[in-house]
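User: I am new to this structure and would like to learn how to read it. Could you walk me through a few features, one at a time?

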Amino acid sequence: LTLPLLSVTLLVSFGSSTLYGYNLAVVNSPAVHIKAFYNTTWTQRYGHGLAPGPLTLLYSLTVSIFALGGLVGSLLVGVLVDRYGRNGTLSRSTFLVLLAGGLMGFSRKLGSLEMVIIGRSITGLHSGRCCLGVVPLYLGEIAPKNLRGFLGLVPSIFICLGVFFAQVLGLPELLGKDRFWPLFLSIVVIPASLQLLLLHCYPESPRYLLIERNDVCGATKALRWFLGTPDVQDVIEEMKKEQQSLSSVKMVSVWQLLRDRSVRWQTLSVVVVNAGMQLSGIDAIWFYTNTIFKNAGIPVSQIPYTTVGTGAIEVVSGLIGCFTIEKLGRRPLIITGFCTMGICSAGITVSLLMQITVPWMRYVAVTCVIGIIAGFCMGPAGVPFLMTAELFTQSHRPAAYIVGGSLNWLCNFTVGFIFPFLQMSTGAFCYLVFCGVCLMVALYIYLIIPETKNKTFMEISRVFA
């Protein structure tokens with residue numbers, strides 16, 4: 001692992017993936033303050049406040065509009081990376097975060113709840129383009145095959161760090177007060193600005209330069225810089241073989257990918273793992289952690305600190321997954337993660353049903369929440385994006401990221417918007433839905449998806465064929 005490889009991985013992960021995790025959790029602790037702002041603004045405009053139902057609907061839209069923006073952003077990945085490259089797309093997309101931060105930061109001063117909602121949608125647009133699209137694509141292409149798993153999971157650690165930062169800054173002693181919530185939402189401009197300043201110092205993806213732009217000289221120079229050695233001929237030859245095999249195949253569209261029978265199982269696998277990742281219930285845990293702990297009977301004064309504790313466990317779990325993936329492989333991590341999440345989802349249902357008669361069951365509920373988060377961060381948080389890069393050759397990869405990213409965000413929106421109403425209608429039994437999804441996805445991976453550790457992209461394609 002060279003310093004250039006490590007530095008670019010840390011930069012794009014901090015400048016993009018951290019924002020995704022932060023925006024997932026940032027609406028959790030200031031929920032009461034944002035709802036109060038919505039109610040006050042509505043009263044000033046129309047002379048009456050919002051009823052509980054419409055207020056819940058408006059706040060659910062604020063939470064879930066992030067995912068709708070992400071859906072739109074993911075649909076643009078293929079066009080943008082083809083036109084501007086991986087590095088160029090990341091640089092240009094950073095301006096979206098600066099715009100979103102400004103809108104959310106000045107929303108209360110200008111008395112506009114629409115600015116909060118629009119700002120959330122723009123941060124989602126950035127995350128759809130970069131965090132779940134270009135970042136894993138870029139890192140998957142610059143990483144040597146023996147480090148692809150490690151570098152591919154580094155962004156998932158920064159997603160967990162983003163969640164943790166949001167939980168810590170949301171404490172009452174920091175930015176959890178009513179007057180600070182606009183600053184709390186807009187602080188995303190800091191990592192984005194750092195990425196914008198430094199990213200131009202790093203070269204474009206060598207694989208993109210050679211295979212898509214036929215720039216052998218540029219690819220060789222970039223490889224030497226990333227790998228820290230002048231001897232890169234073996235890697236260049238491997239890329240040229242892939243280029244020759246794709247010489248009669250242009251970059252495929254999403255429609256062509258879906259109709260291509262030669263990659264049918266790869267496409268289905270991307271659909272299953274990306275949809276399963278969001279329908280596992282992790283977004284419900286992140287968006288509504290405080291509500292879940294309150295329903296479990298945790299004292300209100302202790303909930304912020306309990307939430308921060310779960311964030312610390314997320315980071316530790318992400319580190320365990322990152323440093324063991326090259327030894328254990330992709331399949332064991334993601335199968336174990338989904339199984340753990342499924343079992344813990346069932347555990348939450350049991351603990352919530354029994355907490356009235358058995359008071360200590362509230363701690364079982366907290367333990368199960370921690371188990372869901374730990375299981376997710378060890379495998380399902382990062383491996384699906386890594387798999388999307390590994391299961392396809394260069395011609396199909398951008399289209400595959402569009403399919404996976406679109407499903408990811410669509411399911412994210414569905415869970416974020418529906419969960420409060422699902423919880424009101426079914427109570428504790430809503431977690432059994434997530435349990436069933438997790439166990440079915442784990443079974444599919446066990447039966448269908450092969451291990452891809454230490455294989456080239458061409459070797460993986462031959463395994464599926």
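User: Leaving aside its neighbours within four places in sequence, which residues is Arg148 in contact with?

Analyst: A word first: this is a predicted model. In it, Arg148 is in contact with Gly140, Ala143, Glu326, Arg330, Leu386, Glu390, Thr452, Lys455, Phe457 and Ile460, once neighbours within four places in sequence are left aside. Arg148 itself is found in helix H6, which covers residues 148-169.

User: Is Arg148 buried or exposed?

Analyst: Buried means under 20% relative accessible area. Arg148 has a relative accessible area of 3%, so Arg148 is buried.

User: How is a pair of aromatic rings described?

Analyst: By the distance of the centres and the angle of the planes. Here the count comes to eleven aromatic pairs. One of them is Phe150 with Phe323, at 5.4 Å centre to centre and with 55° between the planes, a tilted pair.

User: Which parts does the pair of Phe150 and Phe323 tie together?

Analyst: Phe150 lies in helix H6 and Phe323 in helix H16 (residues 303-328), so the pair links parts that are 173 residues apart in sequence. As for accessibility, Phe150 counts as buried because its relative accessibility is 13%. Phe323 counts as exposed because its value is 57%, and the cut-off for exposed is over 50%.

User: Why is the pair of Tyr431 and Phe434 edge-to-face?

Analyst: Look at the angle: planes over 60 degrees apart count as edge-to-face. The planes of Tyr431 and Phe434 are at 65°, so the pair is edge-to-face, with ring centres 6.3 Å apart. Tyr431 and Phe434 are three residues apart in helix H21 (residues 430-448), and so are separated by about one helical turn. Tyr431 is buried, and so is Phe434.

Methods. Residues are numbered from 1 along each chain as its sequence is written. This is a predicted model: local features need pLDDT of at least 70, side-chain atom pairs count only at pLDDT 80 or more; totals for chains, interfaces and linings use all residues. Side-chain values use heavy atoms; hydrogens and water are left out. Helices (H or I, at least four residues) and strands (E, at least two) are DSSP runs, numbered from the N terminus. Buried means under 20% relative accessible area, exposed over 50%, partly exposed in between (1.4 Å probe, protein chains only). Contact means heavy atoms within 4.5 Å. Rings of Phe, Tyr and Trp (its six-membered ring) pair if their centres lie within 6.5 Å; planes under 30 degrees apart count as stacked, over 60 as edge-to-face and the rest as tilted.
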